[in-house]
Amino acid sequence: MQIQTEWEGRSFSITYGEMATQANGAVLVRYADTVVLATAVMSPEEIPGIDFMPLTVEYREMSYAVGKIPGGFFKREMGRPSDKEVVTARLIDRPLRPLFPKGFLREVQIITTVLSADQENDPDVLAIIGASAALIISDIPFYVPIAAVRIGRKNGEWIINPTRSQLTESELNLVVAGNEEGVVMVEGDAQFVPEDTILEAIFVGYEALKPILKLQKELQKTAGKSKIEIIIPQKLNDLVTKLERYLPLIEESLSIPEKLPRNRRLSQIFAQAVQEMSLNEEFLPQAKLIFEDFERKLIREKILKGKRIDGRGLKDIRPIQCEVGILPRTHGSAIFKRGETQVLAVTTLGTTEDEQKIDALYGDSFKSFMVHYNFLPYCVGEVRPLRGPSRREIGHGFLAERALKPIIPREEEFPYTIRVVSEVLESNGSSSMATVCSGCLSLMDAGIPVKKPIAGIAMGLVKENDNIAILSDILGEEDHCGDMDFKLAGSREGVTAIQMDIKIEGISKDILHQALIQAREGRLFILDRMEAVLPAPKTSISPHAPKVSIIEIPPEKIANLIGPGGKVIKDIMAKTGVNIDIKETGKVHIVSHSEEQLKKAIEMVKQVTQEVEEGRLYIGKVKRIMDFGALVEILPGTVGLVHVSELDYKRVNKVSDILKEGDEVLVRVLKIEKDGKIKLSRKAALSPSLNLRKKGEYRY
């Protein structure tokens, strides 16, 4: 069975009941020629002993979707997911997770698989819609559908669901998700776009996704199963009543401004309650949930009265400390500390050999700017095993990378591969935005000519009916207890990255507008503190960094530079100690740790690859003597003929009377024929007043 509609000039359809029928819910979503299978499965029983909703979301891109066979030894997918797959899985998860009902503790797994990709319509938006549709028609207690849309903008015109080719010219790339109540998620990047334009983009997107919400409602009526019932045991209601007597102690602990002492005191109160109430182990997870719910309600009440648990007002930014150049051997380093969140960022400069190769559905590409985010257990005072980067770490690094990428200079201006590593040293709220701040400072400390400084801030929201509080620079507890986590990064001129998750059913335009204004105020405050420490990039790169230069040569001259069997390029590298990488386009990357040797190599490459000019003088080497003239190499691999009549003003009987093989001879280029043959003249170069060293002349 299938339902379909036209969506922004392309056919959109949802097919159900034909594939993966043993899943609780499964749909096939198609937009143009991009097809995604989305499935939702629920465990038959609740998982005992847990205090969270066990939802897992997977997104996988299959190589066959674009007619490719996977690379690597095993020639198959389903290994470690790519960063793109991880980021998209998080994109699906974030708008769905808050909409499951409280008290639902069965395991749910959502798997979205890209079956076909037309390489123009990104499957990520379809995967979000598909996950929602699969849940809506299942018996899993997920009641309200969500939809998503991508928004671009070019020349002041909005583009709904821009294709990949359109996005290359767009100043904005925004994914907006929403339900009938309003916007629930926003994520994207921009080229210094003003806040008012961002706000307009979000609600242009919200209007554009409404037809897909309507389609899912029709699907729910036609194919939706009855939802399972969630029963709250009476014993849990009794547990709530018993734990209420600890509310005064919880409230008292929330007056402790520091995170770790506050958390220790809360843990002591919970342990005291468990002991005094003689709680069975069976009820410990539920008791913990109730205890945390009390904590959440008290924090929210406090915020709505205008005071936060660390004593700040709603708009106040925590104390900021910045320091740059703290590591002696790295290329750039900076620490950014905001309250109890502290991040060390280290910048490393590399060459084209250090670029990351990306093997994706859209073809191979190379990435020359990377941000990697590390969140080790000591930053929150915990002990846990070290593994590879978590989904959260990959997602936060990707967000910071999006924020910083618009300020990175073009390859022509700064021909380096750049890697920024963020080490979270302390964490109490918005370490990803602290990564943006420290990352920007470390780039500037490395002497990278960034376009302008960037800062990031995380905003929060507490909403109870008409009582609303918007928070600047949120703490970890405020994120956990609040209704919104809104991260925004940008310069003084505009926004470069945005990520917003709404934990209630929707958010109004007025609230979002106020949050954007308040975020800008906070961002400018942070930029002031950063620029007081380092107002502009350092004027030179670290002496420990490689020296890189790019020169362009005509592609037809690549063979000259390489030489027979690589002789010419090997000779240049041997004499200068540089590394040379030649691209098919004619770009030549020269890398050295010595400025002097770099300049020497550049001059040698230019000599080897320069174009022959008519009328110009050259000192060449005689390669061969013939009866009618001499072949003279005027540039490496470039040979011209000096006819016997052009050897001298007087008559020459034998060429060997004037020239011998191996001689150096001054010649002038008379003519370059259409077929590339070069006519040279020794006679035209002879002049008693000629200055062989005058500017512009070339000696080989």
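Two strands count as paired if DSSP finds at least two bridges between them. Helices (H or I, at least four residues) and strands (E, at least two) are DSSP runs, numbered from the N terminus. The model on your screen is predicted, so local features need pLDDT of at least 70 and side-chain atom pairs count only at pLDDT 80 or more, while totals for chains, interfaces and linings use all residues. Residues are numbered from 1 along each chain as its sequence is written, and side-chain values use heavy atoms, leaving out hydrogens and water.

**Stop 1: colour by domain**

Colour 2-223 as domain 1, 237-305 as domain 2, 320-533 as domain 3, 547-609 as domain 4 and 616-686 as domain 5. These bounds come from an automatic or database domain assignment.

**Stop 2: the five-strand sheet**

Select E11, E12, E13, E17 and E16: in the order E11-E12-E13-E17-E16 they form an open sheet with mixed pairing. Strand E11 (320-324) and strand E16 (369-374) are the edge strands, each pairing on one side only. From one strand to the next, the twist averages 15°. (Axes are lines fitted to C-alpha atoms, for helices over the stretch in contact, and angles run from 0 to 180 degrees between N-to-C directions.)

Now look at E11 beside strand E12 (residues 332-338): the two run antiparallel and are joined by five bridges. Click Ile320 and you will find its bridge partner in E12, Arg338. Next, show helix H10 (residues 431-445), which packs on this sheet and touches E11, E12, strand E13 (341-350), E16 and strand E17 (417-426); contact here means heavy atoms within 4.5 Å. The direction of H10 makes about 145° with that of E12.

**Stop 3: where domain 2 meets domain 3**

The centres of these two domains, taken over C-alpha atoms, are separated by 32 Å. The contact takes 13 residues from domain 2 and 17 residues from domain 3. Between them they bury about 1,200 Å², 54% of it on carbon and sulfur atoms. Buried area is the accessible area (1.4 Å probe) that two parts lose on being put together, summed over both.

Which three residues supply 51% of the area that domain 2 buries against domain 3? Select Lys259, Arg300 and Leu304 to see them.

Then show side chains: four salt bridges cross this interface, a salt bridge being a side-chain nitrogen of Lys or Arg within 4 Å of a carboxyl oxygen of Asp or Glu. Zoom in on Arg262 and Glu477, whose side chains meet in a salt bridge (2.7 Å, N to O). On the side of domain 2 that touches domain 3, helix H7 (259-277) and helix H8 (284-304) are the elements that give two or more residues. H8 gives the largest share, seven residues.

**Stop 4: the three-strand sheet**

Go to E22, E24 and E23, an open antiparallel sheet in the order E22-E24-E23. Strand E22 (547-552) and strand E23 (579-582) stand at the edges with a single partner strand each, so one side of each is left without a neighbour in the sheet. Six bridges join E22 to strand E24 (residues 587-592), and Ile550 has His589 in E24 as its bridge partner. Helix H15 (residues 595-609) packs on the sheet and touches E22, E23 and E24, its direction making about 15° with that of E22.

**Last stop: a salt bridge to find**

The structure holds 43 salt bridges. One to select is Asp124 with Arg150, at 2.8 Å, N to O. Asp124 sits in helix H2 (residues 123-137) and Arg150 in strand E7 (residues 147-154), 26 residues apart.
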